[in-house]
Structure formats: structure tokens, C-alpha cells
Amino acid sequence: MTSHRIGIIGYGAIGARVAEDIAAGKVFGAELAGIISRRAAATGGSAVEHPGPNLTLEMALERCDLIVECAGQQAVADYAETILSAGVDFLITSIGALADHDLAERLHACGPGRLFMTSGAVGGLDLLGAGAREAAFTSVLVSTTKLPETLVQSWMDTTEVQRIRETDGPLQVFLGSAKDAAQLFPRSLNVAAAVAEAVGNWDSVQVRLTADPAATLTSHVIEASGPSGEYKFEIRNNPSPDNPRTSGIVPFAVLRSLEAALGERGGLV
Ligand SMILES: NC(=O)c1ccc[n+]([C@@H]2O[C@H](COP(=O)([O-])OP(=O)(O)OC[C@H]3O[C@@H](n4cnc5c(N)ncnc54)[C@H](O)[C@@H]3O)[C@@H](O)[C@H]2O)c1
């Protein structure tokens, strides 16, 4: 077995768990090279307890075979080309960054490092990818329901914010293209972005966002139909105890994706 050196960007709800499990030897074929953390940078690298050393991006490029992004869409936009061009593989959680068509085109063409995307908070992407390979889907709808506060955005006027915060039942906040959703609700788009990447066509994906004060679980319903068949996946995730905007399962999806990307053992692919 080859040991692959892994770097993590971002030490929040996702990155901390991913780093801890790699450091504890729970990912087959992986060892933790270190963490690029904004908090570490802000404190000169001294005051943050990590299971591995703090790295700058330059250090990570020298020391890592693969870097995992657990930091946000801006980190993908800022670092991806540098990482991939240096021949380091890059596994991203913030797939919504690829809603920027120009960036997506550049990253899909960039190398020699390889770009990987985690399935994150959703499932069924394998089947959607297989169906899209047979023939393009005719319709794809991703319906996400979350607690109202997580859908409030800085661009909204006070009437809209009040309408969302004070709703006493399910309230549709957005219905439109995945591309528009990406601009308007960037933090709620990673799931739709993963679906768009699975079906290979952002223009075919519609997004519906619903605020529901009773939504203690974040739900995603993915409906797709096309020549290969009709599919409906319903996912209901518990929020992360560390970040209510993130589903608790996401770090474990990242760990699974990481092991698959390293390719050091067989299993369900
Ligand atoms: N694919 C999915 O299903 C899915 C689901 C949830 C979240 N996400 C993505 O994962 C990201 C992280 O989620 P989280 O819950 O861990 O967030 P979090 O806010 O708990 O942690 C993010 C951490 O990254 C750090 N950070 C941000 N930019 C950085 C940079 N340029 N360099 C170094 N550190 C940086 C922040 O300071 C913070 O500590 C989210 O922004 C989201 O885009 C993806």
C-alpha cells in the first residue's frame, strides 16, 4: 500500500473531523501532512490545536499528494488552479464554486493534478451519472428544505427577511435555475452543484428552496427523468452540531470520497 500525504484547507465543522480521522489512521492509504487554516494564519500558527502541522499553501504543495478543501467556494476559486497545476490532486466540498462557468471550464481542463468532488450531503449521484452517460436527462429538480434562518441572505430586503424568519409553515423562497441559485444562495448550492456535475449539464438542473421552521432535518429531494428512467431520491440529514448550515454526514462523505480517490483498495464504486 502506498501512503498518500493529505493536506486540509479549513479547520471547521468538516475539516476538523476529516483531519482527525486521517491523523487517527482511519483512512486507508492516507497520512495527514498538515492543515491550511485561516485561524492558524491569524494567530501566527501558534494558538490553534490541530492534529497536524499548520501549513502555508506553498508548504502544502511541496508536502502533499492530495489536498482536501473544507473551507468554502472562495478557497476553490483562489487555490484550485495553483494546486492542480502543481500536480497535486484536489478534492473539493464546495462544488458550488463550479457554478462560475469560466472557472469550471478552467478547472476541468487543468492538470496534471486531478480535480475530485465529494458527493457530500447527497446520494444517488452514481445512478444519475450512469443515466446521463446513456442519454441526457430531460428534467432534473433539486428541492431543498431548511430552517428559515439558514436561507436568509445579505442581499434580501427587510420585508423578505421578515417573511422568511416569521413563516409558521413551509415557504418557497426560490425556484429557478441552478446557476441563479448559485449566485443568490451560495451556501445552499453545493447539493444542486453536485447533481449538476453528476448529470454533466448545469442548464438542465432546476432548484427549489423552501424555508420550514419545522425542518429539524435538512431535506433534499432529487427528481430526474430521461431516456434511462425516472429517479427520485429523498435525503434527510441531521445538521452538524458544529455548524447548522452543514449536514453532519458531510465529513464522513469526504472521508469516503478521499479513500475512493486514493484508490488503494477495492469496494463499492
Ligand atoms: N458538498 C456538500 O454537500 C457540502 C455540504 C456542506 C458544506 N459544504 C462546503 O464545505 C464548506 C465548509 O463547511 P464547514 O461546515 O466546515 O464550514 P465552517 O465554517 O465550519 O469551517 C470552514 C473553515 O474554513 C476556514 N477557511 C475559510 N476560507 C479559508 C481559506 N481561504 N484558507 C484557510 N481556511 C479557510 C474558516 O475560517 C473556517 O474555520 C462550506 O463553505 C461549503 O461550501 C459542502
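Pro112 is in the loop between α5 (101-109) and β5 (115-117), where helices (H or I, at least four residues) and strands (E, at least two) are DSSP runs numbered from the N terminus. Gly111 and Pro112 are joined by a cis peptide bond, with omega at about 10°. Most peptide bonds are trans.

Keep in mind that this is a predicted model: local features need pLDDT of at least 70 and side-chain atom pairs pLDDT 80 or more, while totals for chains, interfaces and linings use all residues. Numbering runs from 1 along each chain as its sequence is written, and side-chain values use heavy atoms, with hydrogens and water left out.

Now for the ligand. It has 21 residues around it, and Ile14, Ser94, Ala121, Asn243 and Thr246 are the closest (a heavy atom within 4 Å counts as near). That shell splits into nine nonpolar, 10 polar and two charged residues; Ala, Val, Leu, Ile, Met, Phe, Trp, Tyr, Cys and Pro count as nonpolar, Asp, Glu, Lys and Arg as charged, and the others, Gly among them, as polar.

Tyr79 brings a polar side-chain atom to 3.2 Å from a ligand nitrogen. These are polar contacts, pairs of N or O atoms within 3.5 Å. Of the 860 Å² that the ligand exposes when taken alone, the protein buries 84% (Shrake-Rupley method, 1.4 Å probe).

The ligand takes up the space of the largest pocket (more than half of its atoms lie within 2 Å of the grid points). A pocket is an open set of points on a 1 Å grid over the protein atoms alone, with protein on both sides within 12 Å along at least five of seven lines; lining residues have an atom within 4 Å of a point. Its volume is about 1000 Å³, the space filled by probe spheres set on the points.

By class, 18 are nonpolar, 22 polar and seven charged. Elements that each supply at least two lining residues include α1 (13-23), α9 (190-199) and β9 (218-226). The largest share, five residues, comes from α4.

Definitions and conventions. A polar contact is a pair of N or O atoms within 3.5 Å; within protein, one must be able to donate a hydrogen and the other to accept it, and residues adjacent in sequence count only if both atoms are side-chain atoms. On a 1 Å grid over the protein atoms alone, a cavity is a set of points where a 1.4 Å probe fits but cannot get out, and a pocket is an open set with protein on both sides within 12 Å along at least five of seven lines; lining residues have an atom within 4 Å of a point.
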